[in-house]
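Dear colleague,

Please find below the structure that I am handing over to you.

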Amino acid sequence: MSGDRVLLVDDEEEFTRALAERMEARGLRVETAADGEAAVARAAARSFDAIVLDLSMPGLSGIETLRRLRESSPEVQVILLTGHATVQTGVEAMRLGALDFVEKPADLEQLLERIGEASARKAILVERRAAEEIKEILAKKPW
Amino acid sequence: MNAPDGTADREPALAFFGAASAGLSHEINNVLAIINELAGLIGDVVAAAERADVRADGARLRAVLERVSAQIARGKEQVRLLNRFAHSVDGPTGGLDGSEVLSLAVALGQRAARLRKVALATVAAEAPLRLPGGAFEFLHLFHRSLGLALARAKPGSGVEVRVIEDAGEAVVRLEVAECAPTADAAWPALLAEAIEVAARHGARLDTVLEPGQPGHVSLRLPAAPGAGPAGEGGPRGTRGA
């Protein structure tokens, strides 16, 4: 998990700042975004092992941000942060491919555990996609 | 049509009560989440010092404690708003005068405005705000009016709240700096519900919200009973602690 690249998305900049400081002290490489639009732009520019996304933000909602992130990169692993999880939002988030929910205030150890799972899952998906691409290339080439 | 038990009147008011309480609880929870991380950060600094068998970095700890203090002040303000909101149902005006109720209404609306990326501000009142009914009823009417203004305001623009007097009646005017190019699908229902709620309280809502133009939502309040032409407030109750 040390060295994993994480994107924290929350309009509470003091929250992302403090959380980033703690994660960086544990060896993670952390970037932050204050809204959904910025998160989508960051994720388009760079690959993250996990994205920790607040559900309630100005502009694009967390759910809409999740949908756009998954559209542009199906392997992206998103952990949702919420202060008030509802069954309806949870179901919608899982349907859109969120890895998990973590309630605010977050327990850092729990969050790090989820980031570790996200990173491992993403590595498998990327590896699987690479293997499929190689298989496709091999099938097309008349060796 | 109201049910004999007043259910039809109560449901929109309860929906407003739920939305306002949820907004405040969300803000308080955010403060707690930040304090939680800052407390963790202090723990990290102390643990790192213990591991290295050195004194903890005092300057760093003081800097984090200042950040904790800032969040405590923020949380205290949210709790104060929650307390005032809870007491808005006390007595005729919840112990608040018109300008205090307006200030509370604007403070309660800040979260919704922020979520729409719209700046919400109050302009110094040109006329006193005399409340015709209870504070809670006014907060509800303002919430509905603000909902209309925010639904049509262009993200990145602003809404200014001013109180004017027109033909002896107080008008709370929410001026939208620039309306969005389109209204979303929920707009007709939102407008119909707001107009109905206003009518139930003897108030009137007018909207001028054209795409790409400045606009406004005007909440015209009925005359306050027994209030003189320039008097402010109305009966004052006991402010709750």
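**The interface between the two chains**

In this predicted model, 21 residues of chain A are in contact with 20 residues of chain B. About 1900 Å² is buried between chain A and chain B, and carbon and sulfur atoms give 46% of that area. On the side of chain A, the residues that lose the most area to chain B are E12(A), E14(A) and R22(A), which together make up 29% of what that side buries.

The interface of chain A and chain B holds 10 salt bridges. One of them joins E12(A) to R74(B), with the closest N and O atoms 2.6 Å apart. Helix α1 of chain A, residues 13-25, gives the most to the side that touches chain B, namely 7 residues. By class, that side of chain A has 10 charged, 7 nonpolar and 4 polar residues.

**The two domains of chain B**

Chain B is assigned domain 1 (8-87) and domain 2 (93-220). Their centres, taken over C-alpha atoms, are separated by 29 Å. Between them, domain 1 and domain 2 of chain B bury about 1400 Å², with 67% of it on carbon and sulfur atoms. P12(B), F16(B) and R84(B) supply 40% of the area that domain 1 buries against domain 2, more than any other three residues.

There are 3 salt bridges between domain 1 and domain 2 of chain B. The side chains of E27(B) and R114(B) also meet in a salt bridge, at 2.9 Å from N to O.

With kind regards

Methods: Residues are numbered from 1 along each chain as its sequence is written. Chains are lettered from A and ligands numbered from 1 in the order in which they are written. This is a predicted model: local features need pLDDT of at least 70, side-chain atom pairs count only at pLDDT 80 or more; totals for chains, interfaces and linings use all residues. Side-chain values use heavy atoms; hydrogens and water are left out. Contact means heavy atoms within 4.5 Å. Buried area is the accessible area (1.4 Å probe) that two parts lose on being put together, summed over both. A salt bridge is a side-chain nitrogen of Lys or Arg within 4 Å of a carboxyl oxygen of Asp or Glu. Helices (H or I, at least four residues) and strands (E, at least two) are DSSP runs, numbered from the N terminus. Ala, Val, Leu, Ile, Met, Phe, Trp, Tyr, Cys and Pro count as nonpolar, Asp, Glu, Lys and Arg as charged, and the others, Gly among them, as polar. Domain bounds come from an automatic or database domain assignment.
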